[in-house]
Protein chains: 2
Amino acid sequence: MSDSMRLKTHYISLAHGNGGRYMRELIEQLFAHYLANPLLNTQTDAVSLSLNGSDIAFTTDGFTVNPLEFPGGTIGSLAIHGTVNDLAVSGATPKYLSLNAFIEEGLAIEQLERIIKSMAEAAQQSGVAIVTGDTKVVPKGECAGVFFATSGIGIKEKNINLGLDQIHTGDQILVSGSVGDHGTAVMLAREQFGLKGSLQSDADSVYPLTKTLLELPGLRFMRDPTRGGLASVCYEISQAINQEVHLFEHKIPLHKQVESVCEILGYDPLYLACEGRVVAIVAQQNAQQALSQWRQLSTGKDAQIIGEIRKGSAHVVLETELGGERILQELEDDPLPRIC
Amino acid sequence: MSDSMRLKTHYISLAHGNGGRYMRELIEQLFAHYLANPLLNTQTDAVSLSLNGSDIAFTTDGFTVNPLEFPGGTIGSLAIHGTVNDLAVSGATPKYLSLNAFIEEGLAIEQLERIIKSMAEAAQQSGVAIVTGDTKVVPKGECAGVFFATSGIGIKEKNINLGLDQIHTGDQILVSGSVGDHGTAVMLAREQFGLKGSLQSDADSVYPLTKTLLELPGLRFMRDPTRGGLASVCYEISQAINQEVHLFEHKIPLHKQVESVCEILGYDPLYLACEGRVVAIVAQQNAQQALSQWRQLSTGKDAQIIGEIRKGSAHVVLETELGGERILQELEDDPLPRIC
């Protein structure tokens with residue numbers, strides 16, 4: 001292993017994909033190390049490019065889910081929403097998508113058709129067009145049914161300046177709806193724990209939510225809490241701004257069913273993926289207005305102000321209803337089922 | 001299966017990925033059927049988008065190769081060259097790439113490092129930057145080491161009008177170098193046939209080749225003959241223009257080693273993938289000039305005029321040195337090892 005490599009293991013493990021420390025190290029020490037260029041920033045959802053004077057956002061995401069279909073979506077709709085959402089939270093209007101499909105020999109064409117249909121519906125609903133694509137078929141056993149990768153191009157308005165570097169002490173933290181629904185719904189769909197439930201994934205386009213906030217003053221930063229969940233987004237913020245991210249536990253919207261499943265299985269819902277939620281950081285004086293705007297949208301009706309940025313050390317502090325405090329750590333090894 | 005589906009099988013087979021008829025049907029009848037929109041055209045390498053008045057090209061490609069490293073490249077450099085080349089043959093200047101990596105649990109990090117290094121070198125050499133990326137780790141057994149998907153953005157000059165619809169009777173067919181080197185090199189790298197060889201893949205950026213032709217008059221159409229090889233590109237042309245694509249067998253550049261390996265294994269080298277060649281259709285009066293420009297480039301020194309567009313039925317006719325004729329059919333089932 002070269003000097004540049006400080007990865008502590010010699011082989012890839014599932015923990016390298018969980019949205020936590022191992023993944024960050026893999027990306028920083030291998031991919032970003034060798035592929036470095038002035039535009040590559042591993043901390044953004046979408047890169048801003050200036051092409052002949054037009055500002056565009058460009059992003060990409062890969063999708064592997066087991067099972068391929070779950071209550072509230074399929075790997076196909078997820079491949080649309082995931083990339084649409086990365087563009088949306090960067091402040092862009094999602095427009096054009098590319099699609100890569102790695103399809104496993106033996107996959108039933110009927111199932112593939114259902115997946116492509118749900119993808120088409122999600123694209124139409126999100127206002128984006130798939131304009132270029134590629135398919136590869138791989139031998140049986142070489143991919144779990146189908147993997148998708150989508151890249152997206154969005155249009156950026158001038159004068160939108162969002163980023164971790166825009167966050168200040170006192171800023172408020174909003175979440176657009178309940179957390180952990182997607183992760184829990186996918187787990188339940190596996191039926192491997194003897195649990196069943198009616199819970200739907202939250203997978204959806206967040207563009208209506210981001211568009212609303214972009215029209216208001218005081219917006220600093222947005223992110224969709226996918227892999228690693230709300231806790232991982234907050235951890236990343238705390239590290240980037242070197243201040244305390246302070247969360248009020250009783251304000252975090254959580255479905256009863258998510259809470260129960262997590263209690264039974266020993267998961268922390270704050271680390272479970274959402275696929276249709278936004279975490280937004282908004283200036284204190286604008287937070288209430290942002291909240292009420294969100295609540296007027298069907299996808300934002302359960303929105304809450306869940307915390308604030310405080311002077312202090314770079315930690316995520318979860319304040320419980322009784323006034324106790326718990327530090328939310330960076331995700332280490334992989335305690336979670338892979339769900340996105 | 002719905003009425004819209006005319007696919008004759010119920011399950012995905014490897015033939016659905018070989019660049020031939022099954023693949024075309026899968027794409028036309030499933031993906032393009034449901035995802036249809038005015039910009040999606042399954043016959044182009046890259047789509048042209050107009051963003052606030054700027055013309056860009058956008059394309060995507062997926063990469064699965066066994067083995068991951070071969071003489072002349074790795075799956076990493078291939079993931080750069082493949083997408084760079086799709087942009088280049090569309091007449092664009094390749095600029096920005098997105099990268100998706102599906103990495104298998106258990107992959108040696110040393111090997112991944114070599115692959116990423118070769119990717120970085122290929123990007124630098126091709127003048128493109130990877131500006132956004134995503135990694136997913138999948139459980140052991142769910143992908144063959146690593147799959148990549150890259151999407152690319154290129155800048156298009158105004159007034160470039162290339163396409164199958166630009167081709168006329170009498171136009172000449174050029175190829176920039178020997179065919180089937182990549183396919184053969186990858187087969188040899190597997191060492192499963194008891195064959196070994198020194199043959200290098202032709203994998204490379206074709207941008208210098210396409211740039212040269214764009215500066216000349218009379219250019220109609222360009223394509224890189226990847227999956228399905230030279231024969232499949234010619235077949236596609238013959239169908240699109242409903243005329244005869246007439247090839248002179250003795251003019252087609254072919255390495256002795258490729259010929260020998262194909263003879264032993266019973267493959268037709270005209271169907272084997274290239275990853276650094278261009279097939280160009282040029283007006284008759286400009287063909288010699290195009291040829292001599294190509295031959296001044298290191299990647300075009302073996303270029304040849306290999307055929308012409310003739311009035312006649314929509315077939316690819318291969319004229320042998322002795323004056324015999326053979327029809328090159330569309331690739332049907334998968335007689336070839338999967339090599340890209």
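In this predicted model, helix 7 of chain A spans residues 256-265, and its buried residues are A:V258, A:V261 and A:C262. These residues cover an arc of only 100 degrees around the axis, which means that they sit on the same side of helix 7 of chain A. Part of the cover over the buried residues of helix 7 of chain A comes from helix 4 (181-190) of chain A. On the face turned away from the buried side, helix 7 of chain A carries the exposed residues A:K256, A:E263 and A:I264. Just after this helix comes A:G266, with a positive phi of about 75 degrees.

Turning to chain B, seven strands form an open sheet with mixed pairing, in the order 9-11-8-12-10-13-14. Strand 9 (219-223) and strand 14 (325-328) of chain B each have a single partner strand and stand at the edges, so one side of each is left without a neighbour in the sheet. On average, neighbouring strands of this sheet are turned by 25 degrees against each other, direction ignored.

Within the sheet, strand 10 (residues 244-248) and strand 12 (residues 304-310) of chain B run antiparallel and are joined by four bridges. B:H246 has B:E308 in strand 12 of chain B as its bridge partner. Helix 5 (residues 207-214) of chain B packs on the sheet, where it touches strand 9 and strand 11 (279-282) of chain B. Helix 6 (residues 229-241) of chain B lies across several strands, including strand 10 of chain B, to which it runs at about 150 degrees.

Key: Residues numbered from 1 in each chain as written. Chains lettered and ligands numbered in written order. Predicted model: local features only at pLDDT ≥ 70, side-chain atom pairs only at ≥ 80, totals over all residues. Heavy atoms only, no water. Buried < 20%, exposed > 50% of the residue type's maximum accessible area, 1.4 Å probe, protein only. Helix = DSSP H or I, 4+ residues; strand = E, 2+ residues; numbered from the N terminus. Arc of directions from axis to C-beta. Contact = heavy atoms within 4.5 Å. Pairing = 2+ DSSP bridges. Axes fitted to C-alpha atoms, helices over the stretch in contact; angles between N-to-C directions.
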